[in-house]
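Please keep the sequence and the coordinates in view.

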Amino acid sequence: MIKVRFFARLREELGVDQLQVEWSSGMTVADLLVDLKRRSDLWQKSLSSPNILIAVEQRHATVDTMLDDAAEVAFFPPVTGG
Amino acid sequence: MVAYSVRVDTADFDANDLLTQMHRDAPQIGAVASFLGVVRATPEQPLESLYIEHYPVMTEAEISRIIEQAQQRWPLNYVQVYHRVGRLAIGERIVWVAVSSAHRGAAFQACEFVMDYLKTRATFWKKECFADSERWVEQRASDVEKMQAW
């Protein structure tokens, strides 16, 4: 299973802070997004925003990043710390 | 061997205590450059509080990676970062970065570098809370450009 987390405004839009998704061999973040966007129009819209950042195993990643089983993936808006 | 400390916490910090810690942990310093970020008032309507969310563990890991990059670019002695999260009022301390080095050039530059990278890479999100509304702060293009210019 892949653990997926959402933060900040994205979490508020989706109404979910984390969920689990079935893993399959060769899965990338792009594959995961296709899967998540199918949930509803809201998920489709929110996750299609151009500025969504991705982390895999707590490191900045891209849609091409491959996922291992039990990986943690996070999606979030551009950061605003400091 | 370069040392550093990273702390992300709701608790307030005292710059003097942090500098004392730095002296204790890395006594061979000639120059210390530092930055303090404070919650500022919002121009249009009174800010009730600033709420800072973060991605626990990734935040600390990302800041550590930023510090490692700084240490590769400049001859540094010690880097110290403290970033608060949770609910803060106007005037409260948000972030502290301090860098020590043998000489001031590296200390000044590395301090600015760490702040520029922290603002665009470290997983924090600020939300402005007003009397009857709230708004997530947007990342500024100028912050991204500044980071990319290093």
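In chain B, the mean positions of the 16 positive and 20 negative charges lie 4 Å apart, where Lys and Arg count as positive and Asp and Glu as negative, with His and the chain ends not counted, and where each charge is placed at NZ of Lys, CZ of Arg, CG of Asp or CD of Glu.

This is a predicted model, in which local features need pLDDT of at least 70 and side-chain atom pairs count only at pLDDT 80 or more, whereas totals for chains, interfaces and linings use all residues. Residues are numbered from 1 along each chain as its sequence is written, chains are lettered from A and ligands numbered from 1 in the order in which they are written, and side-chain values use heavy atoms, leaving out hydrogens and water.

Chain B contains four helices and eight strands (DSSP runs, H or I of at least four residues for helices and E of at least two for strands, numbered from the N terminus), and along the sequence these follow the pattern β-α-β-β-α-β-β-β-α-β-β-α. Of the 150 residues in chain B, 47% are buried, that is, under 20% relative accessible area with a 1.4 Å probe and protein chains only.

Turning to the interface, 19 residues from chain A and 26 residues from chain B take part in the contact, which means heavy atoms within 4.5 Å. About 2000 Å² is buried between chain A and chain B, with carbon and sulfur atoms giving 55%; this is the accessible area (1.4 Å probe) that the two parts lose on being put together, summed over both. On the chain A side, A:Val79, A:Thr80 and A:Gly82 lose the most area to chain B, together 33% of what that side buries.

Conventions. Buried means under 20% relative accessible area, exposed over 50%, partly exposed in between (1.4 Å probe, protein chains only).
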